[in-house]
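Please keep both in view while reading.

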Amino acid sequence: MESARLIQKALLVFLLLTLSVSYVHCQATRVGFYSKTCPRAESIVRSAVQTHYRSNPTVAPGLLRMHFHDCFVQGCDASVLIDGPNTEKTALPNLGLRGYEVIDDAKTQLEAACPGVVSCADILALAARDSVVLTNGPNWQVPTGRRDGRISLASDTTNLPGFTDSIDVQKQKFSAKGLNAQDLVTLVGGHTIGTSACQFFRYRLYNFTTTGNGADPSINPSFLPQLQALCPQNGDTTRRVGLDSGSENRFDASFFSNLRNGRGVLESDQKLWTDASTKNLVQRFLGIRGLLGLSFNVEFGRSMVKMSNIGVKSGTEGEIRKVCSAIN
């Protein structure tokens with residue numbers, strides 16, 4: 001009888017431990033994580049982003065893109081911020097990232113207010129949200145509680161979505177991170193703000209095909225000369241061009257209208273319209289009659305929260321960096 005009671009007790013303890021571990025795992029991040037340990041954390045980050053945005057509006061799309069690039073490699077752990085040879089920062093897809101100074105500024109202020117408490121990964125997640133808000137985009141609650149990673153390798157960036165990727169390849173890369181086709185279309189919609197360098201799409205404008213005018217046939221014929229004027233065949237490859245023509249500084253759904261009208265700048269973006277499997281989702285964001293509409297603002301916030309929880313480090317994993325560009 002005594003042994004049976006001991007077995008029952010042991011099973012109960014095991015069950016409680018299992019439940020608590022599951023709960024902690026599910027609750028790796030939560031809204032208001034710093035409400036007691038650093039109550040001003042979110043307002044400090046918001047203020048830093050606002051200050052830098054006022055003097056340089058390009059930091060907004062820069063921070064949004066940086067958060068995306070961080071989450072797709074090693075999870076959302078600020079590994080993209082680490083300096084050094086052969087780190088993620090040095091990889092080709094990350095050479096155009098901007099906004100590091102905003103993260104550093106916010107971190108300096110947070111270390112003065114609450115030393116060793118707020119992670120760089122959380123600063124980046126909050127700064128991405130604040131950047132969208134500043135460009136007239138939606139606001140959403142950002143779960144926090146991420147810890148910073150200790151590994152950053154340029155060789156790990158091969159799974160970042162690329163500008164020539166087919167929709168199938170893009171879907172595979174997103175699916176590997178737990179994101180579906182709707183998340184893909186929604187998050188690529190973040191290209192409503194920001195620019196790209198000519199080097200990433202100029203090949204579409206000249207000698208793309210051996211027939212017709214030589215350009216990518218999915219480019220609207222009236223849009224082609226505009227792009228060619230901005231990116232001459234032998235011109236400056238680093239020149240920046242807005243990804244959402246006519247609205248690159250404002251967060252809105254016009255990006256999807258441009259795709260419908262053959263005015264997507266990146267090949268991978270325009271394919272969202274030319275590929276039947278994603279075209280339906282673009283149409284739903286456009287509110288086309290006969291389809292169940294989707295609110296871009298609502299869905300963007302949802303997909304951002306989902307993405308920001310990729311590979312999160314918590315508990316005893318990782319660390320809280322003192323300086324975002326260096327491992328402790």
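Predicted model: local features only at pLDDT ≥ 70, side-chain atom pairs only at ≥ 80, totals over all residues.

Is cysteine 231 buried or exposed? Cysteine 231 counts as buried, because its relative accessibility is 1% and the limit for a buried residue is under 20%.

## Disulfides

A disulfide is a covalent bond between the sulfur atoms of two cysteines. The count in this model comes to four disulfides. With the bonded cysteines counted along the chain, the pattern of pairing is 1-4, 2-3, 5-8, 6-7.

| Pair | S to S distance | Torsion about the S-S bond |
|---|---|---|
| Cysteine 38 and cysteine 114 | 2.0 Å | about 70°, right-handed |
| Cysteine 71 and cysteine 76 | 2.0 Å | about 120°, right-handed |
| Cysteine 198 and cysteine 231 | 1.9 Å | -75°, left-handed |

The disulfide between cysteine 198 and cysteine 231 has a sulfur-to-sulfur distance of 1.9 Å. Cysteine 198 is placed in the loop between strand S1 (195–197) and helix H8 (224–230), and cysteine 231 in the loop between H8 and strand S2 (240–242), so this pair ties together parts 33 residues apart in sequence. Cysteine 198 is also counted as buried, because its relative accessibility is 0%.

Cysteine 38 is joined to cysteine 114 by another disulfide. Cysteine 38 belongs to the loop between helix H1 (2–26) and H2, whereas cysteine 114 belongs to the loop between H4 and H5, so the bond ties together parts that are 76 residues apart in sequence. Cysteine 38 is buried, with a relative accessible area of 1%. Cysteine 114 has a relative accessibility of 9% and therefore counts as buried as well. In the pair of cysteine 71 and cysteine 76, both residues are buried.

## Helix H4 and its buried side

Helix H4 spans residues 100–113 and has 14 residues. From its first C-alpha to its last it reaches 20 Å, close to the 20 Å expected at 1.5 Å a residue. Which residues of H4 are buried? They are Tyr100, Val102, Ile103, Ala106, Lys107, Leu110 and Glu111. These residues cover an arc of only 160° around the axis, and therefore they lie on the same side of H4. The spacing of such positions follows a general rule: an α-helix has 3.6 residues a turn, so residues three or four places apart point the same way.

The buried residues of H4 are covered by parts that include helix H2 (41–55), helix H3 (59–71) and H5. On the face turned away from the buried side, H4 carries the exposed residues Thr108 and Ala112.

## Valine 132 in helix H5

Helix H5, one of the elements covering H4, comprises residues 120–134 and contains valine 132. Valine 132 is buried, as its relative accessible area is 0%. Apart from neighbours within four places in sequence, valine 132 is in contact with Leu64, Gly137, Pro138, Trp140, Phe251 and Phe300.

## Aspartate 77

Aspartate 77 is located in the loop between H3 and H4. Its relative accessible area is 0%, and therefore it is buried. The side chain of aspartate 77 makes a polar contact of 2.8 Å with that of serine 79 and a polar contact of 3.1 Å with that of lysine 313. Beyond residues up to four places away in sequence, aspartate 77 touches Asp70, Ala121, Arg147, Asp148, Gly149, Lys313 and Arg321.

## Annotated positions

Which residues does the UniProt annotation "binding site" cover? According to this unreviewed entry, they are Thr192, Asp244 and Asp252. Although these positions are spread over 61 residues of sequence, they cluster in space, with a largest C-alpha distance of 9.4 Å.

Threonine 192 lies in the loop between helix H7 (181–188) and S1, and its relative accessibility of 0% means that it counts as buried. Among the residues that threonine 192 touches are Asp244, Asp252 and Phe251. Aspartate 244 is found in the loop between S2 and helix H9 (254–260). Aspartate 244 also counts as buried, at 0% relative accessibility. The residues touched by aspartate 244 include Thr192, Asp252 and Ser254.

Conventions:
Residues numbered from 1 in each chain as written. Heavy atoms only, no water. Helix = DSSP H or I, 4+ residues; strand = E, 2+ residues; numbered from the N terminus. Buried < 20%, exposed > 50% of the residue type's maximum accessible area, 1.4 Å probe, protein only. Contact = heavy atoms within 4.5 Å. Expected span 1.5 Å × (residues − 1). Arc of directions from axis to C-beta. Disulfide = S-S within 2.5 Å. Polar contact = N/O pair within 3.5 Å; in protein donor to acceptor, adjacent residues only side chain to side chain. UniProt positions renumbered as here; feature names shortened; annotations may be inferred.
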